[in-house]
Amino acid sequence: MMALMNKMKTEKLETVETARKSSMLLEFCRRLIKSGSAKLGLFLMLFIILACVIGPYLSPYDINWRDATLMRAGPSAEHWLGCDTLGRDMLTRLLYGGQYSLLMGLLSAVIGSLLGIAVGLVAGYFGGMTETLIMRFMDVWSALPGMLLCILVSAAMGNGFGATVLALTIGSIPGVARMTRGQVLSERSREYIEAAESINCSKLSIMFKHLLPNVIQPSIVITTMSVGSTINMAASLSYIGLGIQPPSPEWGAMLADGKGYIMSDPHLIAVPGIAIALTVFAINLLGDGLRDALDPKLRG
C-alpha cells in the first residue's frame, strides 16, 4: 500500500512537472521571438550557414583553382573578394573555409558541454568524496590557460580537423561541469527528487530524467556563447600552424596566408577577419537572446 501511494504521488508530481515544462517552453519561445538581438543573431547565423553550405557549389571556381597572373589581385567583377597569394578566388575559399570553422566551433562546444554536463551531474548528485575529487580535478584542469591547453593538445596529437576539435573540446569541459554541479546542488533537495528516490528509481534515471531537464538551461546559453570563442580559438590555432593546414581553406589559415601583406594587400586579412568577427558577433547576439529568454529576471 505504501509503495502504491508513493507511486501515485510520483506520477502526480511528474504530471505537474510535465505541464510546468510545457508552459515554460511556450513562455521561452514567446520571449525569444520578442528579443531583437536573438532575431538578428539568428538571421545572421542562418545567412552565414546557408552561404557556407550552398555557396561553394554555386561558385564558378574550384577550391584549388589558381591563376598566377592574379596573385594578390584586389576585388573585381570576376573575383568579388579578390584573390589570395597563389591566385585563388578568395570568396570560394572563404565559403569552403566557413564549413571547417563553423563545424569545428559547433562540434567542440557541443561535445565539451555534453561531457561537462555529465561530469557536473555526477559530482553534484553523489556529493561527498566523489564531488571533492571531481571538482578538485576540474580546478586543476581549469587553472591551465585555455589557449595553452589547446596548443599542448594540438602539438601532441598533430594537425588536422580531428585533433583540433579534440583540443578545443578539452578546454571547454571544466566551466560547464562547474556550472552544472552548482545547479544540481540547488535542485537535489527538491520534492520530486525525494519522491523518485523513495520508489527506488535508479541513480541514472534520477540524474538524466529528473535532474537534467531542470539544470540544463544555463548550459544551453554557455554552449551557444562558447561556439564563438571556439571559432576564434580554432582560427588562432590555424594561424600559428597547429590547426587546419594548407591547402584546406580554414579562416585562420587564410589569415596566416595573408599576414605578410597587411599593408600592401589588406583584403587578404580583411576578408577572413571580417568573416570571423561577423560570425562571433551573430553567435553572441543569439546567446544574449537565449539568456534573456531563459531568465525572465534579466529582461529589461
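Colleague: Is glycine 252 buried or exposed?
Modeller: Glycine 252 is buried, because its relative accessible area is 0%. Please bear in mind that this is a predicted model.

Colleague: Which helix holds glycine 252?
Modeller: Glycine 252 belongs to helix H10.

Colleague: What does glycine 252 touch, leaving aside residues up to four places away in sequence?
Modeller: With those set aside, glycine 252 is in contact with Ala235, Ser238 and Tyr239.

Colleague: And how far is glycine 252 from isoleucine 276 in space?
Modeller: The C-alpha atoms of glycine 252 and isoleucine 276 are 8.7 Å apart, and the two residues are separated by 24 residues in sequence.

Colleague: You listed Tyr239. What sits over the ring of tyrosine 239?
Modeller: The charged end of lysine 259 does, at 5.3 Å from the centre of the ring of tyrosine 239.

Colleague: Let us turn to charged pairs. How many salt bridges does a search of the whole structure find?
Modeller: The search of the whole structure gives 7 salt bridges. One of them joins the side chains of arginine 72 and aspartate 265, with N to O at 3.0 Å.

Colleague: Where do arginine 72 and aspartate 265 lie?
Modeller: Arginine 72 is in the loop between helix H2 (36-58) and helix H3 (90-126), whereas aspartate 265 is in the loop between helix H10 (251-258) and helix H11 (267-294). The pair therefore ties together parts that are 193 residues apart in sequence.

Colleague: Are the two partners buried or exposed?
Modeller: Arginine 72 counts as partly exposed because its relative accessibility is 30%. Aspartate 265 has 13% relative accessibility, so aspartate 265 counts as buried.

Colleague: Which residue does aspartate 139 form a salt bridge with?
Modeller: Aspartate 139 pairs with arginine 178, and their closest N and O atoms are 2.9 Å apart.

Colleague: What about the accessibility of aspartate 139 and arginine 178?
Modeller: Aspartate 139 is partly exposed at 30% relative accessibility, and arginine 178 is also partly exposed, at 33%.

Colleague: Which residues do salt bridges that share partners join into one network?
Modeller: That network consists of Asp84, Arg88 and Arg93. Within it, the side chains of arginine 88 and aspartate 84 meet in a salt bridge of 2.8 Å, N to O.

Colleague: Where is aspartate 84 found?
Modeller: Aspartate 84 is in the loop between H2 and H3. Aspartate 84 counts as buried because its relative accessible area is 3%, and arginine 88 is buried as well, at 6%.

Colleague: What lies 2.7 Å from a polar atom of the side chain of aspartate 84?
Modeller: The backbone nitrogen of arginine 88 lies at that distance from the aspartate 84 side chain.

Colleague: And what does aspartate 84 touch, not counting residues up to four places away in sequence?
Modeller: On that basis, the contacts of aspartate 84 are Leu70, Met71, Arg72, Met90, Arg93, Asp257 and Leu268.

Colleague: A change of topic, then. How many aromatic pairs does the structure hold?
Modeller: The structure holds 3 aromatic pairs. Among them is the tilted pair of tyrosine 61 and tryptophan 65, with 4.8 Å centre to centre and 45 degrees between the planes.

Colleague: Is tyrosine 61 buried or exposed?
Modeller: Tyrosine 61 is buried, with a relative accessible area of 19%. That value falls in the buried class because the class covers anything under 20%. Tryptophan 65 is partly exposed at 27%.

Colleague: How are tyrosine 125 and phenylalanine 126 arranged?
Modeller: Tyrosine 125 and phenylalanine 126 form an edge-to-face pair, 5.5 Å centre to centre with 80 degrees between the planes. Tyrosine 125 counts as buried at 9% relative accessibility, whereas phenylalanine 126 is partly exposed at 39%.

Colleague: Lastly, how many disulfides does a search of the whole structure find?
Modeller: The search finds 0 disulfides. As for individual cysteines, cysteine 52 counts as buried at 4% relative accessibility, and cysteine 201 counts as partly exposed at 25%.

Note on methods. Residues numbered from 1 in each chain as written. Predicted model: local features only at pLDDT ≥ 70, side-chain atom pairs only at ≥ 80, totals over all residues. Heavy atoms only, no water. Disulfide = S-S within 2.5 Å. Buried < 20%, exposed > 50% of the residue type's maximum accessible area, 1.4 Å probe, protein only. Salt bridge = Lys/Arg side-chain N within 4 Å of Asp/Glu carboxyl O. Helix = DSSP H or I, 4+ residues; strand = E, 2+ residues; numbered from the N terminus. Phe/Tyr/Trp six-rings, centres within 6.5 Å; stacked < 30°, edge-to-face > 60°. Lys NZ or Arg CZ within 6 Å of the ring centre and 35° of its normal. Polar contact = N/O pair within 3.5 Å; in protein donor to acceptor, adjacent residues only side chain to side chain. Contact = heavy atoms within 4.5 Å.
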